[in-house]
Amino acid sequence: MAVLITGGTGYIGSHTVVEMLNNDYEVIIVDNLSNSKIDVLDKIYKITGKKVKFYQYDLCDETLVDKLFNENKIDAVIHFAGLKAVGESTMKPIEYYYNNILSTLNLIKVMKKNDVKKIIFSSSATVYGKQDKFPIEEGFKLNEPTNPYGKTKLYIENILKDLYKSDSSWDITLLRYFNPIGAHESGLIGEVPNGIPNNLMPYINQVATGKREKLFVFGNDYDTVDGTGVRDYIHVCDLAYGHLCALKHLKGLNIYNLGTGNGYSVLEIVKAYERVNNVKIKYEIAPRREGDIDTCYASPKKAEDEIGFKCTRDLDEMCRSSYNFEKKNNKL
Ligand code: NAD
Ligand code: UFG
């Protein structure tokens, strides 16, 4: 079975490519390298011993998407490609709507033309917005996200739902990721943030390796165990495995949370990271970050019951592999 992986040189995409290759799928990657590097392909080869066909195409160019499908026999698509920085999206909303929505429209239009009707889409827990009941289940009412990035996820979910309504011969799975962290055990692939990291784990990594002086903890007056924000952190390799489970069960329209079901506070993450890696993470309590919610964690039950998805890596492993990758790759 040949799977087209869009955004396959990116953080989650590259780990999923490894998972697919290890399970004997044929993989074709398309990525415009706007947020990843070509050397990821060599690293994938080092890990799996398998070569992948790669196209440096922008999915916003429909003629290139056409060419891609004309040149390859594709059975299914896993669609990771997109811009993902929440803060940046508030400053560049048009770029976010243009890139994320147009690339998806081009993709599904060309898929339809070629009678390829199987797609897995990278959605996000952000589509739930602020909830007051936990754990979050897939059936909960969605609240419009507060930033353009999150809105692109919600709008694309709606586009794909409408597509299915119009033609139920499509097989569409929407995967709502919670907070992916960690890296492949080899330390060869992982998350490489651009500029000052927005997300917690990349920031902690840079404090650990001396690139940044201290972590700013955004708020300690939330209604949580220690006042700091609680999230459902999931190891990126478990997340990658979730795509394998979804692909094996791709039938009809389905939505799954990919999370562990455990919520950890910012300070719990800092403590675990310090303990596991034997490093000190200096931090300072700072004001709340605009748009942040206090708590967010998944019910992973539906994914477990219906597609057999289960996480096997704990928080210690997430912290260990994050630091391992950081030390090897993101040098001072
Ligand atoms: P990433 O930036 O590492 O990977 C995305 C890849 O898409 C990059 O390699 C980039 O170059 C490519 N890309 C972007 N626009 C493109 C276009 N028009 N044509 C071709 N390639 C394009 O991000 P990631 O963390 O691996 O996230 C993958 C997907 O998962 C994204 O859709 C993201 O929104 C979603 N997601 C990520 C998180 C997270 O915390 N990392 C959480 C929820 C959802
Ligand atoms: N945090 C800090 N200091 C930092 C960075 C983060 O205290 O320097 C805190 C945040 O306030 C929050 C927690 O750490 O309480 C996690 O923050 P992240 O930025 O790592 O993650 P978010 O939950 O805010 O958002 C992430 C992605 C979104 C995605 C969402 C759900 O950035 O794109 O997870 O999947 F939608």
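Colleague: Is the crossing of H7 and H11 left-handed or right-handed?

Modeller: That crossing is right-handed. Keep in mind that this is a predicted model.

Colleague: Noted. At what angle do the axes of H7 and H11 cross?

Modeller: Roughly 60°, and the axes come within 10 Å. H7 covers residues 200–208. Angles of 65 to 115 degrees count as roughly perpendicular, and H7 and H11 are therefore oblique to each other.

Colleague: And how do H9 and H11 pack?

Modeller: Helix H9 is residues 266–277 and helix H11 is residues 315–329. Their angle is about 65°, with the axes 9 Å apart. So H9 and H11 are roughly perpendicular to each other. H9 passes H11 in a right-handed crossing.

Colleague: Okay, switching to the ligands. Which residues are closest to ligand 1?

Modeller: Ile12, Asp31, Asn35, Ser36 and Tyr149 are the closest, out of 26 residues that surround ligand 1.

Colleague: What does the side chain of Asp31 do there, in terms of distance to an oxygen atom of ligand 1?

Modeller: An N or O atom in the Asp31 side chain sits 2.6 Å from an oxygen atom of ligand 1. Lys84 has a polar side-chain atom 2.8 Å from an oxygen atom of the ligand. With Asn32 the backbone takes part: one of its N or O atoms lies 3.1 Å from a nitrogen atom of ligand 1.

Colleague: How much of ligand 1 does the protein cover?

Modeller: 95% of the 820 Å² of accessible area that ligand 1 has on its own.

Colleague: Which elements give two or more residues to that shell?

Modeller: Helix H1 (11–22), strand S5 (118–124) and helix H6 (148–166). S5 gives the most, with three residues. By type, the shell around ligand 1 has 11 nonpolar, 11 polar and four charged residues.

Colleague: Now ligand 2. Which residues come nearest?

Modeller: Ser124, Asn199, Phe216, Arg231 and Asp292, out of 21 residues around ligand 2.

Colleague: How far is Arg231 from an oxygen atom of ligand 2?

Modeller: A polar atom of the Arg231 side chain lies 2.6 Å from that kind of atom. For Leu200, a polar backbone atom is 2.8 Å from an oxygen atom of ligand 2. The protein buries 89% of the 680 Å² that ligand 2 exposes when taken alone.

Colleague: Which strand gives the largest share of the shell around ligand 2?

Modeller: Strand S8, residues 215–218, with four residues. The whole shell around ligand 2 divides into 12 nonpolar, six polar and three charged residues.

Conventions. Residues numbered from 1 in each chain as written. Chains lettered and ligands numbered in written order. Predicted model: local features only at pLDDT ≥ 70, side-chain atom pairs only at ≥ 80, totals over all residues. Heavy atoms only, no water. Near = heavy atom within 4 Å. Polar contact = N/O pair within 3.5 Å; in protein donor to acceptor, adjacent residues only side chain to side chain. Areas by Shrake-Rupley, 256 points an atom, 1.4 Å probe, with all protein chains shown as cover. Nonpolar A, V, L, I, M, F, W, Y, C, P; charged D, E, K, R; others polar. Axes fitted to C-alpha atoms, helices over the stretch in contact; angles between N-to-C directions. Parallel < 35°, antiparallel > 145°, perpendicular 65-115°, else oblique. Left-handed = near helix turned anticlockwise from the far one by under 90°.
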